[in-house]
Amino acid sequence: MATTISIPIGGMTCAVCAQRIEKTLLKLSGVIEATVNYASEKAIVSYDRNLTNIDAMRQAIEKLGYQPLSTSLSDSLAADQAYHSQELRRGWIKFAFAVLVTLPLLYLAMVPMLPSAVTLPYPDFLHPNSQPLANALTQLLLCLVAVAIGYRFYIDGFKALIALSPSMDTLIALGTSAALIFSTVNTCAIYLGRHHLVHSLYFEAAATIITLILLGRNLEAMSKGRASEAIKTLMRLAPQTALLLRDEREIETPIDQVEPGDIVLVRPGARIPVDGQIIEGVSAVDESILSGESLPVDKTVGDSVFAATLNTTGSLRFVAEKVGADTALSQIVAAVEEAQGRKAPIARLADRVAGIFVPVVCIIAVLAALAWYLAARFGVIGLPENTDALSFAMNILISVLVIACPCALGLATPVAIMVGTGKGAELGILIRSGEALEKAGNIDTVVLDKTGTVTTGRPTLTEVIPAAGFSRWSKLAEAARTSDILAATSEPKQLATSAACQATATLTLPASREPSQAAAAPSQAAAAPGGQATAVAPNQATTNEPTQATTTTTNLPAIAAACQAITPAPAPPTNSEPNLDSLLLQLVGDDSAMQALVQSDSDMVLSLAASVERDSEHPLAKAVVQAAEEQNLTLWPLQTFVAVPGKGVQANINEFQILVGNALFMQEALVDVSGFSSLIDGLTSEGKTAVYVAVDNELAGILGLADSVKPTAQAAIERLHEKGLQVILMTGDSQRTAQAIGRQLGIETVVAEVLPGDKAAQVAELRNSGQSVAMVGDGINDAPALIESDLGLAIGSGTDIAIESADIVLMRSDPTDVPRAIELSRLTLRAIKQNLFWAFAFNTVAIPIAAGLLYIFGGPLLNPIISALAMSISSLTVMGNALRLKAKRI
C-alpha cells in the first residue's frame, strides 16, 4: 500500500531545482509519485514502504546539494520556521555586505562615465585616466568580495550544469563569471600597457548582479512566508501545554506528552489543546479557527471539542481522544500543505518550458554574442565610443544570461496555489490539491444533494391540523349525550356538571408526581384524553421520561368542593345540550384557570402524538417530541407501546388506543382519512410529510413535517446562477417533495427518487454529455457520486471521513460556501494565468532587447545591471499578483 509523505526542502532557488529533485526521487526504487513545489519548498512523495524509506529519499536530496528538513508534522512547522528565519537573516546579512562592496565599486566604475557637467569627488590615485591599473585592480578586489558573498550561486549553478540540468543559478554563475573573466583578462592587458581597456571592465556588473539577486531572493522569501501565513497562523494557535487532571491534581504538561485517555481541564478564555469528548461542564466554544463560523457553539457533556478552538464561558473537563498529528487541526494543516505541494495541471506547461528554458537561453546568448561580434568585427554595425567588438559582444552575452532567469515562470503557479489554499483555510474551505482548484474554476454544472446540503437534514414540525370532528372533550360529551339521566331530567346543567365532576374524579398521575402536589395546584391540571385530567406541579407540565402510571381513585379537593357547591339552576330549553366548556369554567372558577386546565385541539393532537412517539427512534418521531417539548405540552405515560416498521406506532393512554403513522397504517386500522386527500396533496406539494394521529380508530388530526431548508440555501443558489452555472437538485426523496424544495430554492432541474448508488450514474451521464460537473454532498452517503464527478465538494465538519471523501471540504456546512469555493478557485486560476502570461511575456520581450534588438534601430543597448534589476522585478511582480488574492473579499 502506498504511503504519502511531505518533505520540506531547503536550498532551492528556482523551478529547475525542483525539477532536479523530482526527477531524482522518481528514480528511486519504490517511489510511485513525486511532486516538488518550488514555492512551498516541499516534496510530496508517494512510495512503497517495502521498497524504500524516508532516509533513502533524504540522502538522495542531500546528494543534489539541498537540505531535507523534518518530515514530522508537529516538528515541521518549528523546523521550517527556524530554518527560513535563519536563512532570511543570513540573506539580509549577505545583502548588506554585498551593498557595502558594490556601492564603492559602482562609484569607481560609473562616475568617470558621467557627463563633464556633472562633477563628483573622485580620488586621483584611482582615476582611470591617470591610474588605469590601480583602478582596475581595486575594482577586481571589490568584485571578488561580492563573488565570495554569492558563492552559492557558483557552487549550485555549476553543479547543475555538470549534471546537465542547468538552473537559474547556472545563468547567474555563467553571466557573472563571463563578466569577471573578461574583465580580469582586460586587467592583465592593462598591466601590459593597453590602458584604454580600463573602459571595458564589467566588474561592477558582476557585483551588482549578485547584489540585486540577493535582494530579490530575500524579498521572494518574505513573499513566500506571507503566502503560507494562513497555515502558520493555524498551527501557532495550538497551545503548547495542557492542564491534565491526575489524582484530582492539576498538572501542566507539554502538549506532546498528552495521551489519549487523559482528563484535560480547560478554563474560560483558554484554547483547547487536543481533540476530545466532554465529560463535565457546559460552555460556548469559538470554533471559527477550524470552521470559519463566527458564532460560538454551545457544548455540553458528550459533545466533541477540537484542538486550537477557544473556550469562552465555562470550565470544561474532557477525555483526550486525538493528540498530535491525529487532531482535526493537524489533519487540516496536513491536507492544506499537501494541496499547496501538489501541482495543478496548468503548472505542467510551465514545468516543461522551465526544463528546456535555461539551455535554450544559453544557446541564444552565445549565438547573439557571436553574431554581434562578427557584425562589429567586419564593420556591419557601428560601435559605441571606447567600445571594441569583444566588449560589445560580452555585454550582449551577460545581459541575455542574466535577464532570462526562469524564476517568474517557476513561481507563477505554485505561489498562487499557496495563497488560494491558504485563503480557503481562513474561510473554512479546505482545498485538497492544486488540481482541485483548477477544476473548480472550470465547473459549469453543480449537482446538489438535498438532505444535509441544502436542507438541515433534521425534520421539523411545521403544522398541526385537528380533524373537524375531534374535540378535546369528545369522550365526555359523548357520555353526557348518551346519559339516560341527562335525557330525562329537567336540570341537565346540574347533572351534566355532576357528570363532569365524576369524569375528573379518577385521575391518572405520573409516578413521579405526588397526589398532594396535584391537590395543591388544581388550576394547573391539564386535560387528558376523554375528559380526564392529569395534575402537574408548577413548572413541571412536561415530562420527557417514560413513567409508570399510578391510577388512584380520589377527588381533587378544589374540584370536589366546586362540584358540591353547585346549586340547581333554572332549566334551559329541553332540546338544548349543555355547553361543556361553560360548565368547566364554572367548575374552575375563572377564565385564566380555565386556559391552564384546557388544551386547544391542536395542542391535544400534538400532545397525544408526542406521548406515543417519544419511545420511537425515527427522525420524524424526534421532531414531534421536540415540538411538544418546546411548547411545554404534557406528555402522557403509556400503558403499551408497539412500533410497526415502515408504518407507525401505536400505544395506550389510559383506556384509549392512540395510533400515529402514515396513510397505510391508518388504512389497515380502518381509520377514515378520505376527507383529508386535498389537504394531504397540499402538504406533499410543499415538500412536507403527513403523519396521521388517531384515537380509538377515529382520526384526531394530521401533523405536517418537513426537512427545513437551510437559511442560506436560497442565497447560495442565486449566487451560483449569477455565475452562469447550471444547478441540479438530486435526491432520493419523492418527486413531489423534491420538486417542492426545488421551487422554493429556484432550482429548475430536479432529479428525484435516486438511490445512492444511482447518483454516480447520473453524474457520469452529465459528464458524458460534455458538462464539467461538481457534486456537493455529505461526503459519506454520496461518496460514489463525489468520486465520479469532476469535482467533489463535501458538506461536513472537518471529520476524517469528510476530508477523505472529496476534493474540497466545506467545513461550515454552509451552502453559500459552494459558490465561494468556486469563486476562490476562479480567482486563483485567473491569477495563475495572469502570472504565466506575464512571465512568458517578460521573457519574450526582454530576451530580444537584451540581445540588442533596440540597438539595431538606433535604440540603447541594455546594460547587464538593468537586466538583473528587471529579472528581480519580474519575480516580485508575479509574487505580488498572487498575494492580491489575500485581500479579495469572497
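Q: What pLDDT does the chain average?
A: pLDDT is the predictor's confidence in each residue, from 0 to 100. The chain averages 75, and 75% of the residues score at least 70. Over residues 472-599 the pLDDT is below 50. That stretch still has 170 contacts in the model beyond near neighbours in sequence; contact means heavy atoms within 4.5 Å. Where pLDDT is low, the predicted coordinates should not be read in detail.

Q: How many helices and strands are there in the chain?
A: Helices (H or I, at least four residues) and strands (E, at least two) are DSSP runs, numbered from the N terminus. The chain has 34 helices and 30 strands.

Q: What percentage of the residues count as buried?
A: Buried means under 20% relative accessible area, exposed over 50%, and partly exposed in between, with a 1.4 Å probe and protein chains only. Of the 890 residues, 52% count as buried.

Q: What span is expected for α4, and which of its residues are buried?
A: The expected span of a helix is 1.5 Å times one less than its number of residues. Helix α4 (residues 132-149) has 18 residues. From first C-alpha to last, α4 reaches 26 Å, close to the 26 Å expected. An α-helix has 3.6 residues a turn, so residues three or four places apart point the same way. Buried residues of α4 include Asn-135, Gln-139, Leu-142 and Ala-146.

Q: At what angle do α27 and α32 pack?
A: Two packed helices are described by the angle between their axes and the distance between the axes. Axes are lines fitted to C-alpha atoms, for helices over the stretch in contact, and angles run from 0 to 180 degrees between N-to-C directions. Helix α27 (residues 713-722) and helix α32 (residues 817-850) pack at about 30 degrees, with axes 8 Å apart. Angles under 35 degrees count as roughly parallel, over 145 as roughly antiparallel, 65 to 115 as roughly perpendicular and the rest as oblique. The two helices are therefore roughly parallel. Ala-716, Arg-719 and Leu-720 of α27 meet Val-818, Pro-819, Arg-820 and Ile-822 of α32.

Q: Which residue just after α32 takes a positive phi?
A: Gly-852 does, at about 100 degrees.

Q: Where is Ala-308, and is it buried or exposed?
A: Ala-308 sits in the loop between β11 (304-305) and β12 (310-311). Its phi is positive, about 80 degrees, although it is not a glycine. Ala-308 is buried, with a relative accessible area of 0%.

Q: Where does Asn-697 lie?
A: Asn-697 lies in the loop between β24 (689-695) and β25 (698-709). Its phi is positive too, near 60 degrees. Asn-697 is partly exposed, at 34% relative accessible area.

Q: With which residues is Asn-186 in contact, leaving aside its neighbours within four places in sequence?
A: They are Leu-197, Ser-200, Leu-201 and Ser-391. Asn-186 itself is in helix α6 (residues 168-191). At 7% relative accessibility, Asn-186 counts as buried.

Note on methods. Residues are numbered from 1 along each chain as its sequence is written. This is a predicted model: local features need pLDDT of at least 70, side-chain atom pairs count only at pLDDT 80 or more; totals for chains, interfaces and linings use all residues. Side-chain values use heavy atoms; hydrogens and water are left out.
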